[in-house]
Amino acid sequence: MEKKSYQNLTELLIKEYVLADSFIPYTSIICGICACKMVYDLTQSFSSVYFKSYSSLSKVQRTEWSNRAISTFHAIFIAAMSLYLVFWSNLYSDNQYAGLVTFRSSSLSTFSLGASVGYFLADLGMIIWFYPSLGGMEYVLHHLLSLIAVAYSMLIGEGQLYTFMVLISETTTPGINLRWYLDTVGMKRTRAYLINGVVIFVAWLVARILLFMYLFYHVYMHYDEVKQVQSYGLVLIFVVPWVLSVMNLIWFAKIIRGLRKTLAKRH
């Protein structure tokens, strides 16, 4: 009986506080940070046992090795949630729900954004702590813009659709990280490295170029709804995607140059 009462009390606390709508943003952020720590530690333990080359890496390389595992885990999670919420759920459908699309949200969408905020906080902290080993100023700018936009959308509930559209671009992250892993373990001249480059090119073109064009088209088609967002939200909807688009185009040019160089060496 005593065990059952504790179980009931635990379930009540989780339902009334941890999973309550008002607590979901904060719970999800904590979950995101804890997940990053767990992945970081598991990656270190797993890699030291199953990857022979891991022991020969420098301390900075080992840190980046685990850091990229965190970003890969986050990318898979948030890309899957974003794809589901944008294209397969009815939350943002023009036909299924009443109300403005720019103000729609759910417990699932808010939790997903909160977990992403937790990741960006953890990763930004690591980038600053180990600066510039894990990335230069462009990474700091990217994470700050992403953190501000995602946190605002999560807390205020405005523009979540466009936030998830931008987060779909995280589908390119696993390929980028895999390329770094292949390079680090000495597999730069392998067929896997070449295939990885082609996959990154296609994924980047779709998720970070064409998808952003669709985002701007969607904003244009729903401008009557978009303009009712608060002024700060409007800045995030219009400015952040444009800044990220410019950064994506710059990185895309580097990807093209790198792929051409790799193909030239193969021939």
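## A walk along the salt bridges

Start by selecting Asp41: with a relative accessible area of 30%, this residue is partly exposed. Keep in mind that you are looking at a predicted model.

Lys37 and Asp41 form a salt bridge, and their closest N and O atoms are 3.4 Å apart. Why do these two sit about one helical turn from each other? Because they are four residues apart in helix α2, which covers residues 24-50. Colour residues 24-50 if you want to see helix α2 as a whole.

How many salt bridges does the structure hold?

Next, move to helix α3, residues 59-88, and select Glu64 and Arg68. These residues are also joined by a salt bridge, with 2.9 Å between the closest N and O atoms. They are four residues apart, about one turn of helix α3. Are Arg68 and Glu64 buried or exposed? Both are buried, so each has under 20% relative accessible area.

For the last stop, select Asp224 and Lys227. Their side chains meet in a salt bridge at 3.7 Å, N to O. Asp224 has 54% relative accessibility and therefore counts as exposed, because the cut-off for that class is over 50%. Lys227, at 46%, counts as partly exposed.

Side chains of opposite charge can pair when their charged atoms come close.

Note on methods:
Residues are numbered from 1 along each chain as its sequence is written. This is a predicted model: local features need pLDDT of at least 70, side-chain atom pairs count only at pLDDT 80 or more; totals for chains, interfaces and linings use all residues. Side-chain values use heavy atoms; hydrogens and water are left out. A salt bridge is a side-chain nitrogen of Lys or Arg within 4 Å of a carboxyl oxygen of Asp or Glu. Buried means under 20% relative accessible area, exposed over 50%, partly exposed in between (1.4 Å probe, protein chains only).
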